[in-house]
Amino acid sequence: MNGLFWIVQIPDDAVTIDDDTDTVRISLNNVAVIDQLRFPNPGNLNLGNSGAPVTLSFNATYQKSGRARHVRPTSRDPLSPFNWAGEMSDATNSGNFSLAYKDGSFSAQGSFSSQGNFGEIGREKNGSFVRHEDQDEGDQGENEQAAAALQPSATPLANSPMFRGKVPVEAFVH
């Protein structure tokens, strides 16, 4: 990875899911983003004039390439990273992109592929949306195996990290 990235909200109509072919497609055309030319100093989050307005377009296709693995939750805490369940499969992606600075000083285009690298595609639920009563008794999923390897005892360690974040409203309504 070359460290280049943009963060944009993708509209619902830009994503197409085809269950028959196990593919997901994302298509964006002429999206306005800011190309940050430098990262902020930790004490100063104001980027000032360090960004350049850019128009970005890209198409990406994610293709399932393996059988689904069942992942089961290992925590009932809605903020825990181990409180998620789903079906995940190996996947590849490929696509193309183009971008241009609004002032015309720079443009680029190209294609990309994850061939030979790690990728996954699947469906998941997390937080309070996980239904623990649907979990099979005695059937340990891959998420449970990972949690057991990280934490050998069932009792949380005194110095375990505390995760912060938004708590789904459903977590408070029981």
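Ile17 lies in strand 1, which covers residues 15-18 (helices, H or I with at least four residues, and strands, E with at least two, are DSSP runs numbered from the N terminus). With a relative accessible area of 52%, Ile17 is exposed, where buried means under 20% relative accessible area, exposed means over 50%, and partly exposed is in between, using a 1.4 Å probe and protein chains only. Together with Ile10 and Val15, Ile17 makes a nonpolar surface patch of about 220 Å².

Patches are made of residues with over 30% relative accessible area and no salt bridge, with nonpolar side chains (Val, Leu, Ile, Met, Phe, Trp, Tyr) joined within 5 Å and like charges within 9 Å. A salt bridge here is a side-chain nitrogen of Lys or Arg within 4 Å of a carboxyl oxygen of Asp or Glu, and the areas come from the Shrake-Rupley method with a 1.4 Å probe, with only the protein chains shown counting as cover for residues.

## Basis of the model

This is a predicted model, in which local features need pLDDT of at least 70 and side-chain atom pairs count only at pLDDT 80 or more, while totals for chains, interfaces and linings use all residues. Residues are numbered from 1 along each chain as its sequence is written, and side-chain values use heavy atoms, with hydrogens and water left out.

## Positive phi angles

Most residues other than glycine have a negative phi. Asp22, although not a glycine, has a positive phi of about 55°; Asp22 sits in the loop between strand 1 and strand 2 (23-36) and is partly exposed at 34% relative accessibility. Asn30, also not a glycine, has a positive phi of about 55°, but Asn30 is found in strand 2 and counts as exposed at 59% relative accessibility.

## Core and aromatic pair

The structure holds 1 aromatic pair. Tyr101 and Phe106 form this pair, which is edge-to-face at 5.5 Å centre to centre with 65° between the planes; rings of Phe, Tyr and Trp (its six-membered ring) pair if their centres lie within 6.5 Å, and planes under 30 degrees apart count as stacked, over 60 as edge-to-face and the rest as tilted. Tyr101 is buried at 16% relative accessibility, whereas Phe106 is partly exposed at 41%.
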